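Thanks for coming. I will go through one protein structure today, and I will start with a term that we need later.

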Amino acid sequence: MAVTFEQRRIAGDTGSPAQVLDQAIQAHRNGALDAAEHGYQTLLATQPQHPDALHFLGVLCHQRGRSDEATALIERALALAPEYPDAHNNLGNVHKECGRLAQAEACYRRALACGPSHHHALANLAIVLEAQARPGEAFIAYAQLLQQAPGFAHGHYLLGLFLRNHAQSHEHLEQSAECFGHAWQLDNGNLRALEAQGTALYLLGRHEQAREVYRAWLSRSPDNAVARHMLAACGGGEPPPRADDAYVREVFDGFAESFDEQLLRNLDYRAPELLVAGLAARLGRPHAALDVLDAGCGTGLCAPLLRPHARHLAGVDLSGGMIEKAQQRGGYDELVVGELTAHLHAQPAAWDVVISADTLVYFGDLHEVAAAAHGALRRGGWLAFTVEVLDDESDRWELGASGRYRHGRAHVHAALMQAGFGAVDIAPVILRNEGGLPVQGWLVLALK
Ligand SMILES: C[S@@+](CC[C@H](N)C(=O)[O-])C[C@H]1O[C@@H](n2cnc3c(N)ncnc32)[C@H](O)[C@@H]1O
């Protein structure tokens, strides 16, 4: 989660409680979680009522997947220091990430009651209002945020996403492109804003301007995988046969934080449910007897659906940030950071089910990955995946302006048959909404 550290006490002498806290916070910021946890525990051993140590230890517990402990610790901090906006905000983040949106909203409102200028709390409030399908109230909160903090780049980016997610007219898309542009001008480190601006311009039909955004980006950082991929996606270069590992890592490490709320609540994402329902119809009643690999598991949305079928449930994903979220969600027996094709190649006849929800949209040519999945499955095993529809009868795939690939039915079929699958079922489905429109997909089930 986006942790806000607003230290409440000033630094003190070497070895003093304030200095122990400073060092623990520094370690926490640097991702040295063992050292940070040790520091907070050391301080709490002598000062069990230290609100900052309780609060930050709570945040750390949540980051390590111990969310109940996190909630209890931050609540203890707040019982001792009720006017502590940062702790209210971080408790809201824990609730939000555990899916308790109403409780999260209450925490953000409390943070704002004691710290009215807490931008992060106001941004988070807008996000949970949007996620609770209250777009009118969310819009007011975003507007208030930008009025209060016009220089808060992330606020412009969030409003851009909101306008894009709920676009009902061309004008909304225009405004979203403007918001992404402001976010980028205010914070040149916000590359997601730049990427989103390019995509918005492309969707508005301003293709050359979109390419310009990516070319300018590449001229500053010629090795940037996102800029290279997106330039190709806008017709400014040859699309690679699958998205570069560096592109996937960069995009999803940056997306891990907000993935669930963006997809599930705002975009009505349903690939995991559709896939597991399709599989369940073939597998019959769950007996927790199968070895299942979730290939491109992301934050683990498939895990609770697959668990009843699985004796062993593993997930693999290129993005360490997404795997961290999957770890927090729980449900897997094994999680691996790695490239899924290589992972499949390395495990011959190891799995009864390989499932891949909304992940092969980062692959163009499906031949190699289909062959790798075939090799990794046992006889009688199932490969289940979704991809986006390319409305073309011929054996084709293409890279779309979103940066995701689309596949013609004939390409999907040919890749699976050539890999050696026997029965192949390819059905049209709606995967999610985007820009107010349904995204058409193929739901694919292939039997080895
Ligand atoms: C849109 S997310 C879907 C995540 C999850 N399956 C779900 O349905 O929520 C796509 C995921 O695929 C991962 N991914 C894309 N290409 C990959 C590859 N070649 N190897 C492993 N993971 C990959 C990304 O990191 C990301 O987490």
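Buried means under 20% relative accessible area, exposed means over 50%, and partly exposed is in between, with a 1.4 Å probe and protein chains only. At 44% relative accessibility, alanine 349 therefore counts as partly exposed.

Before going further, a note on the source. This is a predicted model, where local features need pLDDT of at least 70, side-chain atom pairs count only at pLDDT 80 or more, and totals for chains, interfaces and linings use all residues. Residues are numbered from 1 along each chain as its sequence is written, and side-chain values use heavy atoms, with hydrogens and water left out.

Now the whole protein. There are 21 helices and nine strands; these are DSSP runs, H or I of at least four residues for helices and E of at least two for strands, numbered from the N terminus. Along the principal axes, the C-alpha atoms fill a box of roughly 70 × 50 × 40 Å. Of the 448 residues, 54% count as buried. Among contacts (heavy atoms within 4.5 Å) between residues at least 6 apart in sequence, 58% join residues at least 24 apart.

At what angle do the axes of helix 12 and helix 13 cross? Helix 12, residues 207–220, and helix 13, residues 225–233, cross at roughly 150°, and their axes come within 9 Å. Axes here are lines fitted to C-alpha atoms over the stretch in contact, with angles from 0 to 180 degrees between N-to-C directions. That makes helix 12 roughly antiparallel to helix 13, a term for angles over 145 degrees. From helix 12, Arg211, Tyr214, Arg215, Trp217 and Leu218 meet Val226, Ala227, Arg228, Met230 and Leu231 of helix 13.

Last, two loops. Most residues other than glycine have a negative phi. Alanine 349, in the loop between helix 19 (340–345) and strand 4 (351–356), has a positive phi, near 45°. Alanine 288 also has a positive phi, near 50°. Where is alanine 288 found? Its place is the loop between helix 16 (271–283) and strand 1 (290–295). Alanine 288 is partly exposed, with a relative accessible area of 42%.

Definitions and conventions. Angles under 35 degrees count as roughly parallel, over 145 as roughly antiparallel, 65 to 115 as roughly perpendicular and the rest as oblique.
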